[in-house]
Amino acid sequence: MVGTINDSVDAYLSDAEISLWDVDGLRSKYYGLLCTEDDFRNIDGDVSEAREKIRDELLERAENLYAKKEELFGEQMREVERVILLQNVDRQWMDPLESMDSLMESVGLQAYASRSPIAESRIHGADLFDEMITNIRDDTVRGIMSVVPRQKGEVKRVQVAKAVSEGFAGGGKTSSVVF
């Protein structure tokens with residue numbers, strides 16, 4: 001959580017001038033969880049102080065939200081975290097593999113540019129892996145921050161389709177097809 005927020009603040013608020021910051025991007029990334037539409041509208045003063053103030057505000061909000069989630073889920077919080085992490089890993093791991101396949105197809109073109117195809121594929125592969133890890137981490141944090149417990153209650157099962165037994169062995173009616 002801390003790493004995700006720090007990386008986001010550093011990415012969106014990296015310029016030396018406040019007017020060049022992507023505050024809207026940062027706000028939209030955490031909108032509904034840690035930010036509202038009105039947050040961080042009037043930023044002024046020293047650049048590094050303003051950046052740290054925003055970072056501290058987001059971290060404090062995230063810690064408060066996480067504490068509420070832990071209180072809500074109790075002892076099951078670790079299991080919830082584990083499930084969300086595994087779901088994100090399952091969802092994310094295929095994209096880099098597919099991208100590596102297309103990278104391997106284009107690796108031969110690197111030789112024409114007087115670059116080592118092996119070195120270029122290692123660099124791109126490492127970038128894809130880092131991007132995957134970042135996506136897993138960000139999605140996991142977002143999932144943990146937005147998870148809510150299921151309402152306890154009776155589950156009602158409703159039949160949505162009727163079984164058709166016509167034409168199958170053991171069915172009431174049989175139909176014969178002649179070829």
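1. Arg78 and Glu81 form a salt bridge, with their closest N and O atoms 3.7 Å apart. A salt bridge here is a side-chain nitrogen of Lys or Arg within 4 Å of a carboxyl oxygen of Asp or Glu. The two residues are separated by about one helical turn, because they sit 3 residues apart in helix H4 (residues 77-92). Helices are DSSP runs of H or I with at least four residues, numbered from the N terminus. Glu81 is buried, at 17% relative accessible area. Buried means under 20% relative accessible area, exposed means over 50%, and partly exposed lies in between (1.4 Å probe, protein chains only). Elsewhere, salt bridges with shared partners join Asp10, Glu52 and Arg55 into one network.

2. A word on the basis. This is a predicted model: local features need pLDDT of at least 70 and side-chain atom pairs count only at pLDDT 80 or more, while totals for chains, interfaces and linings use all residues. Residues are numbered from 1 along each chain as its sequence is written, and side-chain values use heavy atoms, leaving out hydrogens and water.

3. Arg78 has another partner to look at. It forms a salt bridge with Glu70, the closest N and O atoms being 2.3 Å apart. Arg78 is partly exposed, at 40% relative accessibility. Glu70 is partly exposed too, at 29%.

4. How many salt bridges does a search of the whole structure find? It finds 10. One of them pairs Asp7 with Arg137, with the closest N and O atoms 2.4 Å apart. Asp7 counts as partly exposed at 40% relative accessibility. Arg137 is also partly exposed, with a relative accessible area of 30%.

5. Next, the packing of H1 on H3. Helix H1 (residues 2-12) meets helix H3 (residues 47-73) at an angle of about 150°, and their axes are 10 Å apart. Axes are lines fitted to C-alpha atoms, for helices over the stretch in contact, and angles run from 0 to 180 degrees between N-to-C directions. H1 is therefore roughly antiparallel to H3. Angles over 145 degrees count as roughly antiparallel, under 35 as roughly parallel, 65 to 115 as roughly perpendicular and the rest as oblique.

6. Which residues make this contact? H1 supplies Val2, Ile5, Asn6, Val9 and Asp10, and H3 supplies Arg51, Arg55, Leu58, Leu59 and Ala62. Contact means heavy atoms within 4.5 Å. The set divides into 6 nonpolar, 1 polar and 3 charged residues. Ala, Val, Leu, Ile, Met, Phe, Trp, Tyr, Cys and Pro count as nonpolar, Asp, Glu, Lys and Arg as charged, and the others, Gly among them, as polar.

7. H3 also packs with H7, at an angle of about 60° and with axes 9 Å apart. The two helices are therefore oblique to each other. Ala62, Leu65, Tyr66 and Lys69 of H3 touch Ile144, Met145 and Ser146 of H7. These residues divide into 5 nonpolar, 1 polar and 1 charged.

8. Finally, Met132. This residue lies in helix H7. Met132 is buried, with a relative accessible area of 13%. Not counting residues up to four places away in sequence, Met132 touches Gln92, Trp93 and Pro96. The C-alpha atoms of Met132 and Asp95 are separated by 8.0 Å, with the residues 37 apart along the chain.
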